[in-house]
Amino acid sequence: TLTTALLKITHETKTYLTNGNLSNADDNTISALKQAGIIVEDDLDELAAYRYFYNSMQYSEVHEELKIVVVPTYSCNLKCFYCFEECGHLGSKIDEDKVSQILRFVEHQLQIHHSYKKLSLILFGGEPLICKKQCIEFCQKLSTLLATRAISFAPKIITNATLLDDEVINKLIIPYNMGIQVTLDGIEEQHNQRKLYKSGEGSYLHIVQAIELLNQYGCKNNIDLRLNIDKDNIDCIEPIFDAFHDKVKIIYIGLLRPYGNN
């Protein structure tokens with residue numbers, strides 16, 4: 001897993017590996033296994049090597065991109081049956097003090113890591129557009145901070161799109177060329193049984209209207225459409241691709257799998 005290597009081996013090589021005795025294996029096999037990191041020298045501490053890799057990824061000063069995720073609120077206006085958070089009761093929203101803290105964090109990171117050339121931001125939730133005003137103000141301040149240091153800004157919002165409107169597009173999406181991840185759960189009838197407002201109303205038409213509005217503003221290439229699939233709605237893939245392939249940048253499949261009690 002450290003090298004992500006995957007090799008197809010003979011039954012004979014499997015036997016050598018299982019027994020821990022490679023003395024009879026040919027040189028080419030030994031070389032391939034070493035190159036893949038599947039066999040290592042006895043004196044290599046693989047856990048220490050992993051810790052070095054992990055810490056260098058997290059703390060190295062040679063990275064050119066600072067990546068941050070901001071959760072303006074855990075509140076959401078929908079109630080999807082598969083939601084992994086289930087923390088909508090945490091109803092607080094980001095305030096000016098929190099925004100200032102995040103900006104100070106970013107500024108500090110840029111001061112101590114001089115190699116950064118780009119900042120990637122993901123606005124996550126809950127539903128981040130519940131805090132539309134705060135998201136707009138935060139991105140304005142962050143963009144100004146980055147511009148003074150010639151750092152490029154690559155923001156993205158993960159949203160259910162039901163609260164997306166002209167103001168969001170004109171003040172958040174267009175100014176920063178912000179990416180948008182939107183999710184559908186099938187064709188209209190399927191989707192409306194799975195992705196509901198808390199009132200029980202389906203959200204399909206509102207999401208489709210949001211995609212249409214983005215297209216009217218020329219923002220087609222900002223949209224990543226995620227299609228959530230499980231065994232109950234797998235037949236929707238073709239009609240969704242037919243309906244939306246020319247209205248979004250990409251469509252990709254999100255496989256829903258049951259874990260634990262959720």
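Guide: In this predicted model, Tyr-50, Phe-53 and Tyr-54 are joined into a cluster by ring pairs.

Visitor: How is a pair of aromatic rings described?

Guide: Two quantities are given: the distance of the centres and the angle of the planes. In this structure there are 4 aromatic pairs. One of them joins Tyr-50 and Phe-53, with 6.5 Å centre to centre and 40 degrees between the planes, and this pair is tilted.

Visitor: Where in the structure do Tyr-50 and Phe-53 lie?

Guide: Both belong to helix H3, residues 46-59, and they stand 3 residues apart, about one turn of the helix.

Visitor: Why is the pair of Phe-81 and Tyr-82 classed as edge-to-face?

Guide: The class follows from the angle, since planes over 60 degrees apart count as edge-to-face. The planes of Phe-81 and Tyr-82 meet at 80 degrees, so the pair is edge-to-face, with ring centres 5.2 Å apart.

Visitor: Which of the two counts as buried, and which as partly exposed?

Guide: The cut-off for buried is under 20% relative accessible area. Tyr-82 has 19% relative accessibility and therefore counts as buried, whereas Phe-81, at 48%, counts as partly exposed.

Visitor: Which residue lies over the face of Phe-244?

Guide: That residue is Lys-247, at 5.8 Å from the ring centre of Phe-244.

Note on methods: Residues are numbered from 1 along each chain as its sequence is written. This is a predicted model: local features need pLDDT of at least 70, side-chain atom pairs count only at pLDDT 80 or more; totals for chains, interfaces and linings use all residues. Side-chain values use heavy atoms; hydrogens and water are left out. Rings of Phe, Tyr and Trp (its six-membered ring) pair if their centres lie within 6.5 Å; planes under 30 degrees apart count as stacked, over 60 as edge-to-face and the rest as tilted. Helices (H or I, at least four residues) and strands (E, at least two) are DSSP runs, numbered from the N terminus. Buried means under 20% relative accessible area, exposed over 50%, partly exposed in between (1.4 Å probe, protein chains only). A charge sits over a ring if NZ of Lys or CZ of Arg is within 6 Å of the ring centre and within 35 degrees of the ring normal.
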